Amino acid sequence: MDILNKVKSFREEENRLQWEGTFQEYLDIVRERKEVAQTAHSRVYNMIKSSGLTEKNEAKMYHFFGKEIFGLDESIQRLVEEYFHPAAKRLDVRKRILLLMGPVSGGKSSIVTLLKRGLEQYSKTDEGAVYAIKGCPMHEDPLHLIPTHLHKAFFEEYGIRLEGSLSPLNTMRLEQEYDGRVEDVLVERIFFSEDKRVGIGTFTPSDPKSQDIADLTGSIDFSTIAEFGSESDPRAYRFDGEFNKANRGIMEFQEMLKLDEKFLWHLLSLTQEGNFKAGRFALISADELIIAHTNETEYRSFISNKKNEALHSRIIVMPIPYNLKVHQEERIYEKMINESDMAHVHIAPHALKVAAIFSVLTRLESPKKQGVDIVKKMKLYDGESVEGFNQINVEELKKEFPNEGMNGIDPRYVINRISSAIIRKEVPAINALDVLRSLKDGLHQHASISQEDRDKYINYIAIARREYDEIAKKEVQKAFVYSYEESAKSLVDNYLDNVEAYCNKNRMRDPVTGEEMNPDEKLMRSIEEQIGVSENAKRAFREEILIRISAYARKGKRFDYNSHARLREAVEKKMFADLKDIVKITTSTQTPDESHLKKINEVVASLIDEYGYNSISANELLRYVGSLLNR
């Protein structure tokens, strides 16, 4: 019954938001809240802005897109700042068709869907409230009731610029139903809905020979001509085309460049002049944001056609490339999996990461900059620190290929191969190796991949495998160290005692014999060498540790090996180096003895409790790392 209660609450909330009154009463609302008279472009921009944004340096992340669109922050920032914002200010850019251009499954449709769903919700808020002439099939702006010659006077009184004129149908209704008294015309609040065709339209091209312009502009209702006597009577016309229904909101044009020319010219008239021709009527005013999307191949074909030259300057093209950040690509896969029937399957940690590494590598261009290979470039793009490079280098790399990300493997291919790996494996758990194997097998079935690209992609799978090998060893390393935490703490305490004595030029006392002795240089170097601290740099590293210990002491905190990232890494590597033989034995012995079995169980428990594995994937990881160490 809980779901029925929620349906009931939703219905009650919609009823509460309903409003109906005269045009005179509506003007009182306009005087108090000017935002109700905003244009369609302004409404979309304010909707995006109302969700907030995060700024870092010059980069902006708009929260409106943040939960659904991953890794496209730069493209979205450009879209908002170069189109939506100036269009909201009534600048000339709003008289252009917005065309999102990018590869398949790159996020174009998702952006449009977000805007449509967002408008549906925004129209239910006070800031996004929309009002229309009651009974109008085009939900016309009530301010069109103000005669054109009074637009200037209205602006002086209300501070709102008026555009457009009253439609033929409402002109007739004003005379016949209201006797020309605009103040008595009924106005109602409307709520955008794609399903109900209110303020949101979608147009999909079909066979050019059979598709009619009436799909956009509406058509004559021949069954009513006998009643109304003429085709030019607006009551004999069905204002049910996508242009009519999308008025006041947003109109999506799917595969726009496949349209016949006559459709495109109607589209241009609407965006450029804010009106369109329908039936035997004067031009009909409409206020809507036109957004289309296409792929790069179709766009190149479109602009190469001389017949389309007049259209070029009337289209704003916004490139929407593939995401080029590994951690964001993982989020894309997680979202797609959570929305599927695969959500119950255990996907081992890093399985999606290796798939993301592979996908991103296929989209990157090989860097020209000296000393940077494609793997370093991938890590820099993902925000990882790479020795010898900084953020300035990242910007330089991006400038090398401004159109980077327009080619490569799409997310749907990866999800299809993950699905295949799940079905192929009998147990409901897959790991990184299962995913890489499935990705490789699928390349031979991918018809659109050339042999040259296939060979390149197989090499990228090998790179992703090498990256995973390092991740897997570190994962087991951390799990073993966690299982031997007391040993790790003891090693750190011993190291810190020696560092303190070394820096203060003191001697140490043997805890057993009580004899004085020099700091244990061999022990300190065995730890420091794990992270590449050279002989010349050892004093500076030790003094840095001592300064950190003093800082913690002043704050009343206890310093341990987790307090210094590089020291922790060094200790983990040292511990793992010492435990390698145990790992080899415990993972390769067919019939481990009781002590070895206990060690295995401890590490498996650590992998499950601390790192997100289950018993199947934890044991698979241990066996794999054991095989790596035994090579």
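User: How much space lies in the second largest pocket, and which residues lie nearest its centre?

Analyst: Rolling a probe the size of a water molecule over the atoms shows where empty space is left. A pocket here is an open set of points, on a 1 Å grid over the protein atoms alone, where a 1.4 Å probe fits, with protein on both sides within 12 Å along at least five of seven lines, and lining residues have an atom within 4 Å of a point. In this predicted model, local features need pLDDT of at least 70 and side-chain atom pairs count only at pLDDT 80 or more, whereas totals for chains, interfaces and linings use all residues. Residues are numbered from 1 along each chain as its sequence is written, and side-chain values use heavy atoms, with hydrogens and water left out. The second largest pocket holds about 850 Å³ of space, and K379, E384, S385, K474 and E569 lie nearest its centre among the 24 residues of its lining. Two or more lining residues come from each of α16 (351-363), α17, α21 (451-483) and α25 (565-588), with α21 giving the most, 7 residues. By class, this lining has 7 nonpolar, 3 polar and 14 charged residues.

User: Which residues of α13 are buried, and where do they fall around the helix axis?

Analyst: Buried means under 20% relative accessible area and exposed over 50%, with partly exposed in between (1.4 Å probe, protein chains only). Helices are DSSP runs of H or I of at least four residues, and strands are runs of E of at least two, numbered from the N terminus. In α13 (residues 296-304), the buried residues are E298, Y299 and F302. Seen down the axis, they fall within an arc of 100 degrees, so they line one face of α13; the arc is that of the directions from the helix axis to the C-beta atoms. T297 and S304 are exposed on the other side.

User: Where is S123 found, and is S123 buried or exposed?

Analyst: S123 belongs to the loop between α6 (108-122) and β5 (130-133), and is buried, with a relative accessible area of 0%. Its side chain reaches the backbone nitrogen of F192 at 3.1 Å. Beyond its neighbours within four places in sequence, S123 is in contact (heavy atoms within 4.5 Å) with residues including G128, V130, R189 and F191.

Methods
Grid points are joined across faces, edges and corners, and a volume is the space filled by probe spheres set on the points. Ala, Val, Leu, Ile, Met, Phe, Trp, Tyr, Cys and Pro count as nonpolar, Asp, Glu, Lys and Arg as charged, and the others, Gly among them, as polar. A polar contact is a pair of N or O atoms within 3.5 Å; within protein, one must be able to donate a hydrogen and the other to accept it, and residues adjacent in sequence count only if both atoms are side-chain atoms.
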